[in-house]
Amino acid sequence: MLPYTLVMGDFNYPTINWKTYSSPNSLAQKFLDFVNSNALEQIVQTPTRGTNILDLVLTNTTNRCITATVGALLVKSDHKSVAFELALTSELTKCEVRLKNFIKANCTLLGQGINAFQAPPPAGSGNYTKSLH
C-alpha cells in the first residue's frame, strides 16, 4: 500500500461505475485493480464531462480529504473544474541553532590555514601535494 497518497487528474475511463467500482472494459478494470490494491478511494461524485466522472481525486487517506466539488466548465475545455479540500496537520519540532562567534576567531591562524591549502588539480592532470607551514 502507498503511504499518504493523493492522485488527481483526467483519467478518461468513461466506462467505470464509481458507485460499484466496476467496468466492462478490461483496461478500465486493470486501473480499478490498481486502485483497489492500493486502498485508494475516488472522492469525486459528480460527472465532470457529460454524464461521466473522468476527472478523479484518488486518496488512501479519505479522512484527510474533506470535500470534492465539481464546478463550471474550464476555459477551452469540455471538462468541468474539480476543487477539493484537504485536512492536513503538521508537527512542529524543536530545533537547536548554534551560532559561531567569529569575532573571537584567530584571524592570523585562519589566514595561514587558508593560504596553506592547495586545491587539488583537475582529475587526470598529475599528482596532488599539500603542504602546511
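Tyr-21 has a relative accessibility of 21%, so it counts as partly exposed. That label means between the two cut-offs: buried is under 20% relative accessible area and exposed is over 50%, with a 1.4 Å probe and protein chains only.

A word on the source. This is a predicted model, where local features need pLDDT of at least 70, side-chain atom pairs count only at pLDDT 80 or more, and totals for chains, interfaces and linings use all residues. Residues are numbered from 1 along each chain as its sequence is written, and side-chain values use heavy atoms, with hydrogens and water left out.

Back to Tyr-21. Its phi is positive, about 50°, although Tyr-21 is not a glycine. Where is Tyr-21? In the loop between β1 (6-10) and α1 (26-37). Helices and strands here are DSSP runs, numbered from the N terminus: helices are H or I with at least four residues, strands are E with at least two.

Next, Ala-39. Ala-39 is not a glycine, yet its phi is positive, about 55°. Look for it in the loop between α1 and β2 (41-42). Ala-39 is partly exposed, at 40% relative accessible area.

Now Asn-60. Is it buried or exposed? Buried, because its relative accessible area is 16%. Asn-60 sits in the loop between β3 (55-59) and β4 (65-73). Its side chain reaches the backbone nitrogen of Thr-5 at 2.8 Å.

On to charges. Side chains of opposite charge can pair when their charged atoms come close. How many salt bridges does the structure hold? One. The term means a side-chain nitrogen of Lys or Arg within 4 Å of a carboxyl oxygen of Asp or Glu. The partners are Asp-78 and Arg-49, with their closest N and O atoms 2.5 Å apart. Asp-78 is in the loop between β4 and β5 (80-86), and Arg-49 is in the loop between β2 and β3, so the pair ties together parts 29 residues apart in sequence. Asp-78 is partly exposed at 40%. Arg-49 is partly exposed too, at 35%.

Last stop, the surface. Leu-6, Met-8 and Leu-86 form a nonpolar patch there, with about 250 Å² of accessible area together. Patch residues have over 30% relative accessible area and no salt bridge; like charges are joined within 9 Å, and nonpolar side chains (Val, Leu, Ile, Met, Phe, Trp, Tyr) within 5 Å. Accessible areas come from the Shrake-Rupley method with a 1.4 Å probe, and for residues only the protein chains shown count as cover. Met-8 belongs to strand β1. At 48% relative accessibility, Met-8 is partly exposed.

Terms used
A polar contact is a pair of N or O atoms within 3.5 Å; within protein, one must be able to donate a hydrogen and the other to accept it, and residues adjacent in sequence count only if both atoms are side-chain atoms.
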